[in-house]
Amino acid sequence: VEVGYRYLLSLPDGYQGDVTRKWPLVVFLHGAGERGSDLEMLKKHGPPKLIAAGQKFDAIIASLQCPSGEIWNSHGVKALTDDLIKKHRVDVDRVYLTGLSMGGFGTWDTAFDYPQTYAAIVPICGGAGVRWLIADRLKHLPIWIFHGAKDPVVEPALSQKMYHALKNSGSDVKLTLYPDLMHDSWTAAYGDPALWEWLFQQKL
């Protein structure tokens with residue numbers, strides 16, 4: 001399936017200077033509210049918001065945009081990931097996928113369809129539907145799930161179900177359930193240096 005997503009690209013400091021060095025790649029999938037054709041909208045939440053505010057990452061960060069009226073297509077996400085690897089100096093053992101809300105669902109979907117592509121995933125306030133039944137497909141994959149315990153939009157039970165299914169399959173999956181947060185658990189999650197430190201340690 002050929003799905004071309006538009007995206008914001010952030011290259012790390014030093015990328016131009018050392019042409020032999022390979023860098024980690026983080027692919028970010030936004031939520032339903034940022035769909036459309038205006039890439040500036042992506043700066044409302046998540047990594048693109050942090051980058052716009054001046055935060056530096058030692059990685060290439062690609063923030064994809066889903067067109068209006070659509071949801072994330074796992075094959076399109078994978079195709080764009082492959083394209084980014086082709087066009088930039090990416091360390092293929094350190095390619096990561098994360099997303100919030102609709103992007104959290106997209107993160108799960110893409111990981112299930114392409115379980116060998118990403119070195120780790122971070123789905124935030126998403127869910128994987130009936131795929132919890134085949135959670136063992138992802139038991140090898142480092143996963144850190146985030147959700148607000150009081151989320152009225154996406155039930156926390158969706159994240160908990162995946163967490164327990166993965167645990168039962170022998171995964172060392174992590175779950176952070178923020179006791180007082182509602183749908184926006186991503187500001188706290190992406191704002192936590194521990195998330196990034198953990199993520200960049202993961203390798204295929």
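**Reading the chain as a whole**

Tutor: Among contacts in the chain between residues at least 6 apart in sequence, 73% join residues at least 24 apart. Please bear in mind that this is a predicted model.

Student: How many helices and strands does the chain have, and in what pattern do they follow one another along the sequence?

Tutor: There are six helices and seven strands. Read along the sequence, their pattern is β-β-α-β-α-β-α-β-β-α-β-α-α. The radius of gyration is 16 Å, close to the 17 Å that the globule rule gives for 204 residues, so the chain is as compact as a globular protein of that length.

Student: What does the C-alpha trace span along its principal axes, and what percentage of the residues count as buried?

Tutor: The trace spans about 45 × 35 × 35 Å. Of the 204 residues, 52% count as buried. The accessible surface of the chain comes to about 9,200 Å², and 53% of this belongs to carbon and sulfur atoms.

**Reading a helix**

Student: How should the length of helix α4 be checked, and what distance separates its end C-alpha atoms?

Tutor: One counts 1.5 Å a residue, taken over one less than the number of residues. Helix α4 covers residues 156–168, which makes 13 residues, so it should span 18 Å; its end C-alpha atoms are 18 Å apart, in agreement with that expectation.

Student: Which residues of α4 are buried, and against which elements do they pack?

Tutor: A residue is called buried when its relative accessible area is under 20%. In α4 these residues are Pro156, Ser159, Met162, Tyr163, Ala165 and Leu166. They pack against α3 (102–113), β6 (144–148) and β7 (174–178).

Student: Which glycine follows α4?

Tutor: Glycine 170 follows α4, and its phi is positive, near 95 degrees.

**Reading salt bridges**

Student: How many salt bridges does a search of the whole structure find?

Tutor: The search finds eight.

Student: Where do lysine 78 and aspartate 82 lie?

Tutor: The general idea comes first. An α-helix has 3.6 residues a turn, so residues three or four places apart point the same way. Lysine 78 and aspartate 82 both belong to helix α2 (residues 74–87) and are four residues apart, about one turn of the helix. Their side chains meet in a salt bridge, at 2.8 Å from N to O.

Student: Are these two residues buried or partly exposed?

Tutor: Lysine 78 counts as buried, because its relative accessibility is 17%. Aspartate 82, with a relative accessible area of 31%, is partly exposed.

Student: Which residue forms a salt bridge with aspartate 113?

Tutor: The partner of aspartate 113 is arginine 131, and the closest N and O atoms are 2.6 Å apart. This pair links distant parts of the chain: aspartate 113 is in helix α3, whereas arginine 131 is in the loop between β5 and β6, 18 residues apart. Aspartate 113 is partly exposed, with a relative accessible area of 26%, and arginine 131 also counts as partly exposed, at 22% relative accessibility.

Student: What of aspartate 180 and lysine 150: how far apart are their closest N and O atoms?

Tutor: In this salt bridge the closest N and O atoms are 3.7 Å apart. The pair again links distant parts of the chain, 30 residues apart: aspartate 180 is in the loop between β7 and α5 (186–190), and lysine 150 is in the loop between β6 and α4. Aspartate 180 counts as exposed, at 59% relative accessibility, whereas lysine 150 is partly exposed, at 49%.

**Reading the surface**

Student: Which residues make a nonpolar surface patch?

Tutor: Val130, Trp132, Leu133 and Ile134 make a patch of about 380 Å². Tryptophan 132 is in the loop between β5 (120–124) and β6. Its relative accessible area is 32%, so tryptophan 132 is partly exposed.

Student: Where does histidine 140 lie, and which residues does it touch?

Tutor: Histidine 140 lies in the loop between β5 and β6. Leaving aside residues up to four places away in sequence, histidine 140 touches Pro115 and Gln116. Histidine 140 is partly exposed, with a relative accessible area of 42%.

Key
Residues numbered from 1 in each chain as written. Predicted model: local features only at pLDDT ≥ 70, side-chain atom pairs only at ≥ 80, totals over all residues. Heavy atoms only, no water. Helix = DSSP H or I, 4+ residues; strand = E, 2+ residues; numbered from the N terminus. Buried < 20%, exposed > 50% of the residue type's maximum accessible area, 1.4 Å probe, protein only. Contact = heavy atoms within 4.5 Å. Patch = residues over 30% accessible without salt bridge, like charges linked within 9 Å, V, L, I, M, F, W, Y side chains within 5 Å. Areas by Shrake-Rupley, 256 points an atom, 1.4 Å probe, with all protein chains shown as cover. Salt bridge = Lys/Arg side-chain N within 4 Å of Asp/Glu carboxyl O. Rg over C-alpha atoms; globule rule 2.2 N^0.38 Å.
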